[in-house]
Amino acid sequence: NASIPKGAAPGVAYATTDAPLIMDKPYIVRDGPDFFLIKPKPRLATTGCCASEVERIPFQNVYVARPERPEDVREKLLQGLHVVLTPGTYALEDGLELNHAGQVLLGVGEVRVKAPSDGEPACRVRGPAAVVAGVIVEGARYPRGDTALIRWEGPDGLLADVSVNVAGDANAKTGVAVHADNAVLDHVAVERRPPGHLDVGT
């Protein structure tokens with residue numbers, strides 16, 4: 001990776017004066033009677049906070065989900081809508097898929113997503129420039145233990161403020177599998193309880 005300083009040891013933290021790519025987490029604003037999902041645009045080779053260029057997405061293109069209807073989340077994502085998850089626990093029967101360019105899945109408040117038990121990831125990302133942010137993903141007991149709870153297959157995008165928890169008899173081997181060179185991970189935590197082997201990234 002060209003962004004790693006020369007001589008830096010693998011797995012050792014380092015400081016840099018500027019980052020090759022910065023992506024900020026989306027947020028929601030109200031403008032008069034209307035709500036907008038604000039998606040900051042990526043910034044290249046810079047420092048500091050807050051993008052000045054943003055995409056304002058009207059809520060006509062956003063589905064606001066509730067935990068009592070978790071099946072709607074997958075359906076709306078497949079239709080190409082952005083989805084905002086309100087607080088609660090979403091027990092998935094089928095994994096979520098972000099297949100459309102620029103798609104956003106944003107949790108507000110404490111949002112827990114329970115992975116399906118059929119062996120599919122809780123969330124699979126294929127679309128370019130997608131964003132998954134603000135969720136806690138909980139593992140399940142799978143037929144096989146080699147499933148990744150989050151699988152990032154798109155070329156780029158942002159995974160931010162996401163926790164992956166595998167507890168009890170849940171048996172996922174991999175918390176987050178990233179198959180992309182330009183995906184940004186910001187405040188991503190993967191935890192196995194009780195402690196055990198759990199991979200982050202591939």
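**Sheet, ring contacts and salt bridges**

Three strands form an open sheet in the order β2-β3-β5, with antiparallel pairing. The model is predicted. Its edge strands are β2, covering residues 27–31, and β5, and each of them pairs on one side only. From one strand to the next, the twist averages 35°. Five bridges join β2 and β3, in the antiparallel sense. Asp 31 has Asp 34 of β3 as its bridge partner.

Strand β3 also takes part in an aromatic contact. Phe 35 lies in β3, which spans residues 34–40. The structure holds one aromatic pair. This pair is formed by Phe 35 and Phe 59, with ring centres 6.0 Å apart. The two planes stand at 45°, so the pair is classed as tilted. Phe 59 belongs to the loop between β5 (54–58) and β6 (62–65). The pair therefore ties together parts that are 24 residues apart in sequence. Phe 35 is partly exposed, at 39% relative accessibility. Phe 59 is also partly exposed, with a relative accessible area of 23%.

Arg 56 lies over the face of Phe 36, at 4.2 Å from the ring centre. Lys 76 is found over the face of Tyr 63, and here the distance to the ring centre is 5.3 Å.

Side chains of opposite charge can pair when their charged atoms come close. Across the whole structure, the search finds 12 salt bridges. One of them links Glu 71 and Arg 69, with an N to O distance of 3.7 Å. Both partners are partly exposed: Glu 71 has a relative accessibility of 45%, and Arg 69 has a relative accessible area of 44%.

Another salt bridge connects Glu 110 to Arg 112, whose closest N and O atoms are 3.1 Å apart. Arg 112 is partly exposed, at a relative accessible area of 24%. Arg 112 is also among the residues touched by Glu 138. Glu 138 is found in strand β13, which runs over residues 130–138. Its relative accessible area is 17%, so Glu 138 counts as buried. Setting aside residues up to four places away in sequence, Glu 138 touches Arg 112, Val 113, Lys 114, Ala 115 and Asn 165.

A further salt bridge forms between Arg 124 and Glu 120. The closest N and O atoms of Arg 124 and Glu 120 are 3.1 Å apart. The two partners fall into separate accessibility classes. Arg 124 is buried, at 13% relative accessibility, whereas Glu 120 is partly exposed, at 37%. Both residues belong to one network, in which salt bridges that share partners join Arg 74, Glu 97, Glu 120, Arg 124, Arg 126 and Glu 153.

Methods
Residues numbered from 1 in each chain as written. Predicted model: local features only at pLDDT ≥ 70, side-chain atom pairs only at ≥ 80, totals over all residues. Heavy atoms only, no water. Phe/Tyr/Trp six-rings, centres within 6.5 Å; stacked < 30°, edge-to-face > 60°. Helix = DSSP H or I, 4+ residues; strand = E, 2+ residues; numbered from the N terminus. Buried < 20%, exposed > 50% of the residue type's maximum accessible area, 1.4 Å probe, protein only. Lys NZ or Arg CZ within 6 Å of the ring centre and 35° of its normal. Salt bridge = Lys/Arg side-chain N within 4 Å of Asp/Glu carboxyl O. Pairing = 2+ DSSP bridges. Axes fitted to C-alpha atoms, helices over the stretch in contact; angles between N-to-C directions. Contact = heavy atoms within 4.5 Å.
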